[in-house]
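Please read them alongside the structure shown below.

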Amino acid sequence: MDPIPGSSGGRPDGSRQNGRDAQPRDPYAVALANASLLGVGYLMLGRRRLAAGTVSVTIALVIVHALAARAVWFQGVVLLWWAAVTVHGWYLAGGRSWRTGHLVGEHGRAGRQRLIALGVVVPVLVAVGALRLDAVRIEQDAATAHRAGRCAQALPVLRRLWFGHRVADAPLTARADDQLEACRLLMQAERQAGSDRLRAAETLRAYRAHPGALWPGVDVRRADLFLAQAGQELGTALTGDIGALETGFGRLTRVLGEFPGQEAKIQAVLDGFLGGLPLKDSCATRTITDWLGGQAAGGSALDHVGDAVTRVAPAAIVGCGDDLASGKDWKEARAQYRQLLDQYPGHPFAGRARQGVKRATLEIELAHFRRLVKRPGSGGKPAYCERPAPYHGAAPYRGRGPHRAMLFGNDGHRRKLPSSWLAKDPADAVLVICVGEISFGSTVRSCYYEPIHTVGPLEKVAFRKRKVSVRVYEVRTGKLVSRTSLQIGGSSCPARIHYTYYGIDPGPPSEKYVKSSTADVRAAYASLIRP
């Protein structure tokens, strides 16, 4: 056949003239050979540059797909490239015009060309198919172990995937890599669980959010970690550590809200904690029950702690009051007894609590009374004389005495009183007598004296009682029961009187105190102490 006029010597079947006619190429053989993506069809047509370009593009696409863009959409790009190269080879070889443009004898050569093309493309397709099937099997085996939580078995299986699998099925190997990363997180969490449960729970949270996570038991495992941590913290709370108690209950609340279906496990943790109550230390138990009682009920698995509080708290509160009373901490002890009366007024321990309140109140009043009679006030008297306070444990100021008293303001008078009239300890006092200033009282007798150093008329001297202002307080009530003046008598008109002067003798003073004996002082105070 002659070349087509105006052409460059090519043939409709894609063969070229080089001094003599080349054998024509079967379009289907060329298409099959090009389906290998190795450019073999172009080589059959003598298109070496096209063949080299095809191989270069194919290698680039495969590398990008295997290492970077391992998505299904990029796999579609590769398939489009495969289809384009295949159809292009068929077109260059003459396409539909080939069958009608050749003699029947040429079909024998076409069969041989197709066999050669199949010899090229079939191994490629078989290799790709085998690799894809192997990758699927590996991924499924690993996924089965992964879903069962056996990542230690899944990891070696996933590591059998190699570059060939990436070339054959990049999206699947991308999913496998996600599985690998997720399994590493899962195994890391299991290693952490032995030493740091909270860190392990956080790692599991990261696992759960990972696209390669397959294990359905991750939430249950996280809940178990939180519950184990809560159990440990509640165990610490049994030493009286309220911070641990708050943290432990916070974890239980979190599990209750975040992980449905864990009520039975939460109940078991709570039962273990509540079974440890009461503690040996009543005040520590009371601190725990106070905290538990302050938690609002919300209709959850945590609500039954109220039953435990009702069972344990009354004895703990009273026991704590008794312990504080033993340590002389009366204010705190009274607060405990009052707490029981406020919260459980009808409880059998209420009578014991009332007795505790009474005793503690008396001890508090006594301690305050002691401070007042020891604390300095004005005029050499204690602060009690200015700010009296009751001590209801004192005996009442009733009936015949003597009523033991504490006398302040005149040590000389106090020393002359019988010891049976004086309180040796503030706890024994019935009265507090605050002695004021001494002044001249009523006149007992007047006498005349002759000056020794001068000559003159006799001097009249009036001998007068000592007038003492006193305030008397009943210790039991702290009230002022008497505000009076005592008249202390004594002997008068001695044969000689002594006085002091400077310069010229002015003569004896016009009035002097009588000489009071111990009996005179006692007689004056007897009206108060032995009414």
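**Notes on the predicted model**

1. Helix H1 (residues 27–34) is mostly covered, with six of its eight residues buried; those buried in H1 are Pro27, Ala29, Val30, Ala31, Ala33 and Asn34. Buried means under 20% relative accessible area, exposed over 50%, and partly exposed in between, with a 1.4 Å probe and protein chains only. Helices (H or I, at least four residues) and strands (E, at least two) are DSSP runs, numbered from the N terminus.

2. On provenance, this is a predicted model, in which local features need pLDDT of at least 70 and side-chain atom pairs count only at pLDDT 80 or more, while totals for chains, interfaces and linings use all residues. Residues are numbered from 1 along each chain as its sequence is written, and side-chain values use heavy atoms, with hydrogens and water left out.

3. Of the 71 residues in the largest nonpolar core, Leu245, Phe249, Leu252, Phe273, Ile288 and Leu292 touch the most other members, and the largest share of this core, 10 residues, comes from helix H15 (residues 305–326). A second, separate core of 20 residues includes Leu417, Val430, Ile433 and Val521. A nonpolar core here is a set of buried Ala, Val, Leu, Ile, Met, Phe, Trp, Tyr and Cys residues joined through side-chain atoms within 4.5 Å.

4. Leucine 252 touches Leu227, Ala230, Leu234, Ile266, Val269, Leu270 and Leu302, residues up to four places away in sequence not being counted; contact means heavy atoms within 4.5 Å.

5. Glutamine 336, in helix H16 (residues 330–343), counts as buried because its relative accessibility is 4%. With residues up to four places away in sequence again left out, glutamine 336 touches Arg286, Ile317, Cys320, Gly321 and Leu324. The side chain of glutamine 336 also makes a polar contact with the side chain of arginine 286, at 3.0 Å; a polar contact is a pair of N or O atoms within 3.5 Å, where within protein one must be able to donate a hydrogen and the other to accept it, and residues adjacent in sequence count only if both atoms are side-chain atoms.

6. How many aromatic pairs does a search of the whole structure find? There are eight, one of which is the stacked pair of phenylalanine 369 and tyrosine 391, at 6.5 Å centre to centre and 15° between the planes. Phenylalanine 369 lies in helix H17 (residues 350–374) and tyrosine 391 in the loop between H17 and S1, so the pair ties together parts that are 22 residues apart in sequence. Rings of Phe, Tyr and Trp (its six-membered ring) pair if their centres lie within 6.5 Å, with planes under 30 degrees apart counted as stacked, over 60 as edge-to-face and the rest as tilted.

7. Both phenylalanine 369 and tyrosine 391 are buried. Tyrosine 384 and tyrosine 473 form an edge-to-face pair, at 5.9 Å centre to centre and 90° between the planes; since tyrosine 384 lies in the loop between H17 and S1 and tyrosine 473 in strand S3 (residues 459–474), this pair ties together parts that are 89 residues apart in sequence. Phe369, Tyr384, Tyr391 and Tyr473 form one aromatic cluster.

8. Strand S1 (residues 405–408) is covered on both faces, Ala405 and Leu407 being buried on one side and Met406 and Phe408 on the other. Four bridges join S1 to strand S2 (residues 431–449), and the two run parallel; two strands pair if DSSP finds at least two bridges between them. The bridge partner of leucine 407 in S2 is isoleucine 433.
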